[in-house]
Amino acid sequence: MPVEGEYAPSPSEWVRNQVAEYESSGGTQGNQLGTTGWPVVIVTMRGRVSGKVRKLPVMRVEHGGVYAIVASKGGTPENPKWYHNLVASPTEVAIQDGPEPFDVEVRELTGDERAEWWVRAVAAYPPYAEYQTKTSRVIPVFVATRV
């Protein structure tokens with residue numbers, strides 16, 4: 001189901017700016033983490049409390065047209081706030097990886113499936129491995145499949 005409604009830009013200036021740059025350029029700018037060269041995609045979701053549309057850049061982890069969304073928050077003890085948005089509304093999510101966003105459905109992974117996608121996530125963005133050593137929580141991994 002498409003994510004429609006009022007857009008509430010992030011309170012974080014760098015997130016707001018990166019989303020705006022990515023979207024206004026059709027994904028040709030603002031498509032990497034700073035100057036690292038590591039690619040990002042834009043994830044759009046429904047805010048579970050506000051009901052408003054939320055957008056954020058996340059590391060691009062893709063395999064066979066399916067994407068992973070890693071809720072690392074840099075290895076802090078708690079999940080990022082947006083983690084709860086995905087859990088609350090897994091069918092109101094979109095990904096933009098290039099010029100046009102597309103609808104996806106997400107589900108949180110466990111067991112062997114999570115382990116398989118974790119390897120892919122670390123290959124795409126090696127700092128994830130360090131983040132996991134900084135926290136006792138198992139960093140959540142969602143798989144996002146086109147609908």
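The model is predicted. Its open sheet contains 7 strands in the order E2-E1-E5-E6-E7-E4-E3, paired in the antiparallel sense. Of the 22 residues in the largest nonpolar core, Val 43, Ile 69, Leu 86, Ile 95 and Val 106 touch the most other members.

**Sheet and packed helices**

- E2 and strand E3 (61–63) each have a single partner strand and stand at the edges, so one side of each lacks a neighbour in the sheet.
- From one strand to the next, the twist averages 35°.
- The antiparallel pairing of E4 with E7 runs over 4 bridges, and Ile 69 stands opposite Phe 142 in E7.
- Helix H1 packs on the sheet and touches E1, E2 and E5, with its direction at about 85° to that of E2.
- Helix H3 (residues 111–124) also packs on the sheet, where it touches E3, E4, E6 and E7; the direction of H3 makes about 120° with that of E3.

- In soluble globular proteins, nonpolar side chains tend to be buried together.
- In the core of 22 residues, two or more residues are given by each of helix H1 (13–24), strand E1 (40–46), E2, E4, H2, strand E5 (93–96), strand E6 (101–108) and strand E7 (141–146).
- E1 supplies the largest share of this core, 4 residues.
- Another core, of 15 residues, lies apart from it and includes Val 70, Trp 117, Tyr 128 and Ile 139.
- Beyond its neighbours within four places in sequence, Ile 69 is in contact with Val 43, Val 58, Trp 82, Leu 86, Ile 95, Val 106, Pro 140, Val 141, Phe 142 and Ala 144.

**Residues of strand E2**

- Val 58 is found in strand E2 and counts as buried because its relative accessibility is 8%, under the 20% cut-off.
- Residues touched by Val 58, leaving out those up to four places away in sequence, are Pro 39, Val 40, Val 41, Val 43 and Ile 69.
- The C-alpha atoms of Val 58 and Ser 12 are separated by 14 Å, and the two residues are 46 residues apart along the chain.
- Lys 55 also belongs to strand E2 (residues 53–59), and its side chain makes a polar contact of 2.8 Å with the side chain of Glu 23.
- Among the other residues that Lys 55 touches are Tyr 7, Val 15, Val 19 and Ile 42.

**A loop residue with positive phi**

- Lys 73 is found in the loop between strand E4 (66–70) and helix H2 (81–88).
- Most residues other than glycine have a negative phi.
- The phi of Lys 73, by contrast, is positive, near 50°.
- Lys 73 counts as partly exposed because its relative accessibility is 37%.

Methods:
Residues numbered from 1 in each chain as written. Predicted model: local features only at pLDDT ≥ 70, side-chain atom pairs only at ≥ 80, totals over all residues. Heavy atoms only, no water. Polar contact = N/O pair within 3.5 Å; in protein donor to acceptor, adjacent residues only side chain to side chain. Contact = heavy atoms within 4.5 Å. Buried < 20%, exposed > 50% of the residue type's maximum accessible area, 1.4 Å probe, protein only. Core = buried A, V, L, I, M, F, W, Y, C linked by side-chain atoms within 4.5 Å. Pairing = 2+ DSSP bridges. Axes fitted to C-alpha atoms, helices over the stretch in contact; angles between N-to-C directions.
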